[in-house]
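Please read them with the structure open.

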Amino acid sequence: MAAVTGDGATAARLTEGIARWALPRRAQSVAAYAHHVELMTAVGQGDFEVAFHHANAISPAGEFAPYAWLAPTVSLDLVESAVRTGRHGDAAVAHVAAMEEARLPAMSPRLAMLFHAASALVAEGPKAPAHFTHALAVPGADGYRFDVARVRLLYGSHFRRHQAVAESRSHLRLALAAFEALDAAPWTARARAELSATAQTRATARARTPRALTPQEQQIAELAASGLTNKKIAEKMAISHRTVGNHLYQIYPKLGVASRGGLRDALRAQPGG
């Protein structure tokens, strides 16, 4: 709850306690709780490199390790972070195949929804919207409000990247309202940034001119594009990692990208880039 609502200090303190108890005792199932919390913190902040590390630590991409009972729960997180960090074929696609082989869609409405959303993230061409539609139409899945909002956020982001602004906004507005109601601050910020970017998408379709970054935003964008995590950027710039995350969510719509995966190309496209 602390991770999802943006209380990073509490989340860090609790996960440190979990890890300190579990690791000397080789209680890997308990240690997985700590990875799960840090994973949720990272995904909420858009730090997908760190997110992939924690998801992969629970169970490696492309498999569901024996007794790794949290692995199905974080399957969408693993696939999303793999896609956002350029691990499409060797991790994302492989993990979706593993989800299907493990018959996750038959286990519960929630896992069925996560499977279809993960399938949408690796789908090519016109297949992605169909998978997102299946995810939202799973009977009983609407009871999982946070997960439904996440799927709508991903769906809206997909539409935005494909210039379908009206369709994008309808899903992003529903996601934003749900995250606000759940007091999920980092996710609210993500949804709001995506919604703001729909205006930039429309403008980009007309002018293809990104908005200028402030000097600090420029530095953060360059460091993020180089592969540094939010924590490393924060250390380098003597600011908090949460501040870095907040800046990144202002940077993405300005450059017309959805995550740090698109920063490098966007920066190169800038005048003098």
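1. A definition is needed before the helix pairs are discussed. A crossing is called left-handed if the near helix is turned anticlockwise from the far one by less than a right angle, and right-handed if the turn is clockwise. By that convention, α6 crosses α7 in a left-handed sense.

2. The model is predicted. Mean pLDDT for the chain is 86, with 93% of its residues at 70 or more. Over residues 203–209 pLDDT stays under 50. For that stretch the model has 4 contacts beyond four places in sequence.

3. On the overall fold, the chain has 15 helices and 0 strands. Its radius of gyration is 18 Å, close to the 19 Å given by the globule rule for 273 residues, so the chain is as compact as a globular protein of that length. The C-alpha trace spans about 55 × 45 × 35 Å along the principal axes.

4. How are α6 and α7 packed? Helix α6 (residues 88–101) packs on α7 at an angle of about 150°, and their axes are 10 Å apart. Angles over 145 degrees count as roughly antiparallel, and α6 is therefore roughly antiparallel to α7. On the α6 side the contact is made by H88, A92, V93, V96, M99 and E100. On the α7 side, L114, F115, A118, S119, L121 and V122 take part. By class, this contact has 9 nonpolar, 2 polar and 1 charged residues.

5. Helix α7 also packs with helix α9 (residues 145–161): their axes come within 11 Å and cross at roughly 15°. The two are therefore roughly parallel to each other. The crossing of α7 past α9 is left-handed. R110, M113, L114, A117 and L121 of α7 make the contact with D147, V148, V151 and L154 of α9. This contact has 7 nonpolar, no polar and 2 charged residues. L114 and L121 of α7 are listed in the contact with α6 and in the contact with α9.

6. What is the handedness of the crossing of α12 and α13? It is right-handed. Helix α12 (residues 215–225) and helix α13 (residues 230–237) have axes 10 Å apart and pack at an angle of about 135°. The two helices are therefore oblique to each other. Q216, Q219, I220, L223 and A224 of α12 meet I233, K236 and M237 of α13. The classes in this contact are 5 nonpolar, 2 polar and 1 charged residues.

7. To sum up the orientations, α6 is roughly antiparallel to α7, α7 and α9 are roughly parallel, and α12 and α13 are oblique. In any reading of the model, residues 203–209 should be kept apart from these pairs, with pLDDT under 50 there.

Notes
Residues are numbered from 1 along each chain as its sequence is written. This is a predicted model: local features need pLDDT of at least 70, side-chain atom pairs count only at pLDDT 80 or more; totals for chains, interfaces and linings use all residues. Side-chain values use heavy atoms; hydrogens and water are left out. Axes are lines fitted to C-alpha atoms, for helices over the stretch in contact, and angles run from 0 to 180 degrees between N-to-C directions. Helices (H or I, at least four residues) and strands (E, at least two) are DSSP runs, numbered from the N terminus. Angles under 35 degrees count as roughly parallel, over 145 as roughly antiparallel, 65 to 115 as roughly perpendicular and the rest as oblique. Contact means heavy atoms within 4.5 Å. Ala, Val, Leu, Ile, Met, Phe, Trp, Tyr, Cys and Pro count as nonpolar, Asp, Glu, Lys and Arg as charged, and the others, Gly among them, as polar. pLDDT is the predictor's confidence in each residue, from 0 to 100. The radius of gyration is taken over C-alpha atoms; the globule rule is 2.2 Å times the number of residues to the power 0.38.
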